[in-house]
Amino acid sequence: MFRKMRRVKQLLSKEETIAVLNRGTSGVLALCGENQYPYAVPLSYVYSDSKIYFHCATTGYKLDSIKQNNKVSFCVIDKDTVMQEEYTTYFRSVIVFGKAYILSNEQEKRQALEKLAEKYSPHNEQGRLAEIEKFFQQVCMVKIDIEHMTGKEAIELVKQKNCFCKKE
């Protein structure tokens, strides 16, 4: 159903891929927009239990697109270092494919919102819970059920890792 990655030597392990998702603070959500044009939008997210969660307004283009076609892609860039003298980029990224669902169950929505708030404000539980309570009715939470994900890094980073591992 999903293509195999062509450059398998650059494939990140599942653990490394999840680590990228956990480290990331933003990603780009790609949807099928109006008139079959792709629509890609950057957003904050949290990865938890093999799912991606994000928040948005209760109306808008993102939600309209999800209601029309809930198949989405989500990309997180972990590293992007331009190496001018080598004419390349040392990169590490993850691409997720899945289906997006608007959370209608209030308990599921609250749990997802608490996970998101904890990621971005881990040391202020009282403040984040107050913020959630204040805006709970005005926010929409969306869950992406991941069907496939791959992580990839520049071949130079793979070689660095292999060299480092051999020294140990």
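The second largest pocket is lined by H55, L113, L116, A117, S121, R128, E131, I132, F135, F136 and V139. The structure is a predicted model, in which local features need pLDDT of at least 70 and side-chain atom pairs count only at pLDDT 80 or more, whereas totals for chains, interfaces and linings use all residues. Residues are numbered from 1 along each chain as its sequence is written, and side-chain values use heavy atoms, with hydrogens and water left out.

The volume of the second largest pocket is about 160 Å³. A pocket is an open set of points on a 1 Å grid over the protein atoms alone, where a 1.4 Å probe fits, with protein on both sides within 12 Å along at least five of seven lines; lining residues have an atom within 4 Å of a point. Grid points are joined across faces, edges and corners, and the volume is the space filled by probe spheres set on them. Helix 3 (106-120) and helix 4 (125-135) each contribute at least two lining residues, and helix 4 provides the largest share, four residues. Helices (H or I, at least four residues) and strands (E, at least two) are DSSP runs numbered from the N terminus. Seven nonpolar, two polar and two charged residues make up this lining, with Ala, Val, Leu, Ile, Met, Phe, Trp, Tyr, Cys and Pro counted as nonpolar, Asp, Glu, Lys and Arg as charged, and the others, Gly among them, as polar.

The largest pocket has a volume of about 190 Å³. Its lining consists of F2, R3, K4, M5, S93, V94, I95, F97, H148, T150, G151 and K152, of which five are nonpolar, four polar and three charged.

Seven strands form an open sheet in the order 2-1-5-6-7-4-3, with antiparallel pairing; two strands pair if DSSP finds at least two bridges between them. Strand 2 (38-43) and strand 3 (46-48) each have a single partner strand and stand at the edges, so one side of each lacks a neighbour in the sheet. From one strand to the next, the twist averages 30°. Strand 4 (residues 51-56) and strand 7 (residues 140-153) run antiparallel and are joined by six bridges, with Y53 opposite K143 of strand 7.

Helix 1 (residues 14-23) lies across strands 3, 4, 5 (71-83), 6 (88-102) and 7, at about 80° to strand 6. Helix 2 (residues 61-68) also packs on the sheet, touching strands 1 (27-32), 2, 4, 6 and 7, and its direction makes about 50° with that of strand 1. Contact means heavy atoms within 4.5 Å; axes are lines fitted to C-alpha atoms, for helices over the stretch in contact, and angles run from 0 to 180 degrees between N-to-C directions.
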